Amino acid sequence: MNGSIQITEAALASLIGLTAHEIPGVVGMAPSNLKEGLSRVLGRANVSDGVVISRDGAKYAADLYVVVAYGVSIPTVARNIVERVEHTVKTQAGIDLSAARVHAVGVQRV
């Protein structure tokens, strides 16, 4: 059987968003742009919110905008996000990310 599998950027962003939410110390994702922020205000949050996928040829990169819990080590949480996201994307989607960048845009008490 010949064929191909295509994974959309939206599916990849959802996979990455779900993975980031599993990391201890992550409170949630932050809007990465005005459009996403308005969607949230209107109650249309999505698991891919806070994830921006960019593509250069066959390579994908991901920017994650996260809110972390007060009192955690932000560098440790960011490192854990990068490691888990890279592993999950490789094992579940068969994609090697060229970069996974974490932007801690807020701190919140939980």
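**Entry 1: a word I need first**

Buried means under 20% relative accessible area, exposed means over 50%, and partly exposed is in between. I need that cut-off for D63: its relative accessibility is 11%, so D63 counts as buried. I also note that I am looking at a predicted model.

**Entry 2: the overall layout**

I looked up the secondary structure and got 3 helices and 4 strands in the protein chain. Going along the sequence, I wrote down the pattern α-β-α-β-β-α-β. The protein chain has 110 residues, and 38% of them are buried.

Next I checked how far along the sequence the contacts reach. I took contacts in the protein chain between residues at least 6 apart in sequence, and 70% of these join residues at least 24 apart. I also looked up the accessible surface of the protein chain, which is about 6,800 Å². Carbon and sulfur atoms hold 53% of that surface.

**Entry 3: salt bridges**

How many salt bridges does a search of the whole structure find? I got 3. I went through them in turn.

I started with E22 and R84, whose side chains meet in a salt bridge at 3.5 Å, N to O. E22 sits in the loop between α1 (9-21) and β1 (26-29), while R84 is in helix α3 (residues 74-93), so this pair ties together parts that are 62 residues apart in sequence. E22 is exposed, with a relative accessible area of 54%. R84 has 35%, which makes it partly exposed.

Then I turned to D63 and R101, which form a salt bridge through their side chains at 2.9 Å, N to O. This pair links distant parts of the chain, with D63 in strand β3 (residues 59-69) and R101 in strand β4 (residues 97-108), 38 residues apart. D63 is the buried residue from my opening note. R101 is partly exposed, at 36% relative accessible area.

I finished with D96 and K90, where the side chains meet at 3.4 Å, N to O. D96 is partly exposed at 47% relative accessibility, and K90 is partly exposed at 41%.

**Entry 4: the nonpolar core**

Which residues have the most contacts inside the largest nonpolar core? I noted I16, I53, L64, I81, V89 and L97, in a core of 23 residues. Then I checked where the core residues come from: α1, β1, β2 (51-56), β3, α3 and β4 each supply at least two.

L97 touches I16, Y60, A61, A62, V85 and V89, if I skip residues up to four places away in sequence.

I81 was my other pick, and I found it in helix α3. Is I81 buried or exposed? I81 is buried, with a relative accessible area of 1%. Leaving aside neighbours within four places in sequence, I81 is in contact with A20, I23, V26, L64, V66 and V102. I also noted the spacing between I81 and R101: they are 20 residues apart in sequence, and their C-alpha atoms are 9.2 Å apart.

**Entry 5: helix α1**

I looked at the span of α1 next. It has 13 residues and reaches 18 Å from its first C-alpha to its last, close to the 18 Å expected at 1.5 Å a residue.

Which residues of α1 are buried? My list reads L12, A13, L15, I16, G17, T19 and A20. These buried residues pack against β1, β2, β3, α3 and β4.

The C-alpha atoms of A10 and V51 are separated by 9.5 Å, and the two residues are 41 apart along the chain.

Which residues make the nonpolar surface patch of about 350 Å²? I wrote down Y70, V72, I74 and V107.

V107 got a closer look, and I located it in strand β4. Leaving out neighbours within four places in sequence, V107 is in contact with V67, V68, A69, Y70 and I74. Y70 and I74 are also in the patch.

Key:
Residues are numbered from 1 along each chain as its sequence is written. This is a predicted model: local features need pLDDT of at least 70, side-chain atom pairs count only at pLDDT 80 or more; totals for chains, interfaces and linings use all residues. Side-chain values use heavy atoms; hydrogens and water are left out. Buried means under 20% relative accessible area, exposed over 50%, partly exposed in between (1.4 Å probe, protein chains only). Contact means heavy atoms within 4.5 Å. Accessible areas come from the Shrake-Rupley method with a 1.4 Å probe; for residues, only the protein chains shown count as cover. A salt bridge is a side-chain nitrogen of Lys or Arg within 4 Å of a carboxyl oxygen of Asp or Glu. A nonpolar core is a set of buried Ala, Val, Leu, Ile, Met, Phe, Trp, Tyr and Cys residues joined through side-chain atoms within 4.5 Å. The expected span of a helix is 1.5 Å times one less than its number of residues. Patches are made of residues with over 30% relative accessible area and no salt bridge: like charges are joined within 9 Å, nonpolar side chains (Val, Leu, Ile, Met, Phe, Trp, Tyr) within 5 Å.
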